[in-house]
Amino acid sequence: MKLIRTEDAAGQVLCHDITQIIRGVKKDAVFRKGHVITPEDIPVLLSVGKEHIYIWENDDSMLHENDAALVLYDLCKNEHMLSSEIKEGKIELIAQCDGLFQADRKKLRQINALGEMMIACRHGGFPVHAGDKLAGMRVIPLVIEKEKMQRAKEIGGTEPIFALKPFLTETAGIVTTGSEVYYGRIRDTFTPVIIEKLSEYGITVIGQELSDDDSKKTAAAIEKLLYMGAEAIVCTGGMSVDPDDKTPAAIRSVTDTVVTYGAPVLPGAMFLLAYTKTGIPVMGLPGCVMYAKRTIFDLVLPRVAAGERLKRQDFVRMGEGGLCLSCLECTFPNCGFGK
């Protein structure tokens with residue numbers, strides 16, 4: 001780049017966008033990179049505070065900010081993502097479908113640590129909708145060394161930094177436990193909550209089974225729903241440590257792997273997740289899911305819906321951010337819960 005007086009710039013080629021900001025009206029480029037400056041443009045440039053401007057001088061060792069942004073974009077993009085146009089040296093990624101957004105935190109931090117470049121994204125592990133903004137990237141200077149961008153490429157490797165997994169789970173079964181519901185002593189107010197939350201991810205309930213506090217009956221109800229083709233099982237009730245709460249024992253008897261019984265999340269400490277031999281998730285939900293706005297179920301369900309198989313370590317990491325503050329106006333997932 002070469003810095004020259006704006007009054008002397010007629011006929012020169014801009015090497016960066018020139019932005020005009022009018023408070024409350026606009027923030028946009030009045031001239032784009034590559035624009036050939038005319039005498040009529042000079043008063044406009046001066047009006048936006050540009051008494052000196054940079055013009056392009058080719059240098060094989062450097063990359064322009066737009067070309068460098070494309071390098072970062074290539075490291076980030078993945079299936080089901082759209083890109084914005086390059087604007088003022090920045091590219092944004094937009095969700096093409098509903099799904100679970102994921103980010104490779106290690107790569108993200110390593111690239112941002114290189115300096116003179118940045119990638120900013122929303123938190124991974126949370127649901128997004130088509131049209132949502134996922135990330136933005138750019139380099140800080142107007143030009144940057146090609147060698148530095150090569151180092152970013154080496155960190156990025158062959159796998160994209162971001163992923164967007166569409167929700168794949170289509171059906172679920174609900175097992176409602178507890179003698180008070182089974183014998184009609186109280187109305188079942190838990191199931192409607194579960195149906196509503198499942199519907200947020202396009203999951204249809206194909207069956208509901210009632211069981212008293214007999215673990216064998218609960219196990220048989222789970223197996224019936226699995227036979228019907230449910231791609232996920234949700235069990236409500238009987239998840240505490242009381243002697244007559246036997247849902248965990250029932251789930252253990254019909255599954256192959258128990259990932260966790262208990263999680264460092266409030267509300268939701270007594271949550272249980274297990275998988276059958278065929279990989280079907282079976283979840284035991286504590287009573288808090290029925291009355292609290294957001295719980296561990298809201299952290300786990302989108303990952304289950306996207307076909308992710310959770311591990312014990314996934315739950316261990318939930319402790320930081322695992323305390324819901326029960327705000328009067330809930331803005332989840334645009335809050336700190338689960339992050």
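Reply: The largest cavity is lined by Thr 177, Asp 212, Asp 213, Ser 215, Thr 218, Gly 238, Lys 246 and Thr 247. This is a predicted model, in which local features need pLDDT of at least 70 and side-chain atom pairs count only at pLDDT 80 or more, while totals for chains, interfaces and linings use all residues. Residues are numbered from 1 along each chain as its sequence is written, and side-chain values use heavy atoms, with hydrogens and water left out.

Me: What makes a space a cavity, and what makes it a pocket?

Reply: On a 1 Å grid over the protein atoms alone, a cavity is a set of points where a 1.4 Å probe fits but cannot get out, whereas a pocket is an open set with protein on both sides within 12 Å along at least five of seven lines; lining residues have an atom within 4 Å of a point. Grid points are joined across faces, edges and corners, and a volume is the space filled by probe spheres set on the points. The count comes to one cavity of 30 Å³ or more, and the largest cavity has a volume of about 30 Å³.

Me: Which residues are closest to the centre of the largest pocket?

Reply: The largest pocket holds about 730 Å³ of space, and of the 21 residues that line this pocket, the closest to its centre are Arg 105, Gly 124, Gly 125, Arg 303 and Arg 317. At least two lining residues each come from β8 (99–103), α3 (105–112) and α10 (296–305), where helices (H or I, at least four residues) and strands (E, at least two) are DSSP runs numbered from the N terminus.

Me: Why is the contact between Arg 303 and Glu 308 called a salt bridge?

Reply: The term requires a side-chain nitrogen of Lys or Arg within 4 Å of a carboxyl oxygen of Asp or Glu. The N to O distance for Arg 303 and Glu 308 is 2.9 Å, so the pair meets the rule. Both residues are buried, and Arg 303, Glu 308, Asp 314 and Arg 317 are linked in a network of salt bridges.

Me: How do you know whether Asp 17 and Arg 32 are buried or partly exposed?

Reply: Buried means under 20% relative accessible area, exposed over 50%, and partly exposed in between (1.4 Å probe, protein chains only). Asp 17 has a relative accessible area of 11% and is therefore buried, whereas Arg 32, at 31%, counts as partly exposed. Their closest N and O atoms are 3.2 Å apart in a salt bridge. Arg 32 lies in the loop between β3 (26–31) and α1 (41–47) and Asp 17 in the loop between β1 and β2 (18–22), so the pair ties together parts that are 15 residues apart in sequence.

Me: Why are Asp 298 and Arg 294 called buried?

Reply: Asp 298 is at 6% relative accessibility and Arg 294 has a relative accessible area of 19%, so each value falls under the limit for the term. The two residues form a salt bridge, with the closest N and O atoms 2.8 Å apart.

Me: What makes β1 and β4 paired strands?

Reply: Strands pair if DSSP finds at least two bridges between them. Four bridges join β1 (residues 2–5) to β4, and the strands run antiparallel; the bridge partner of Lys 2 in β4 is Ile 55.
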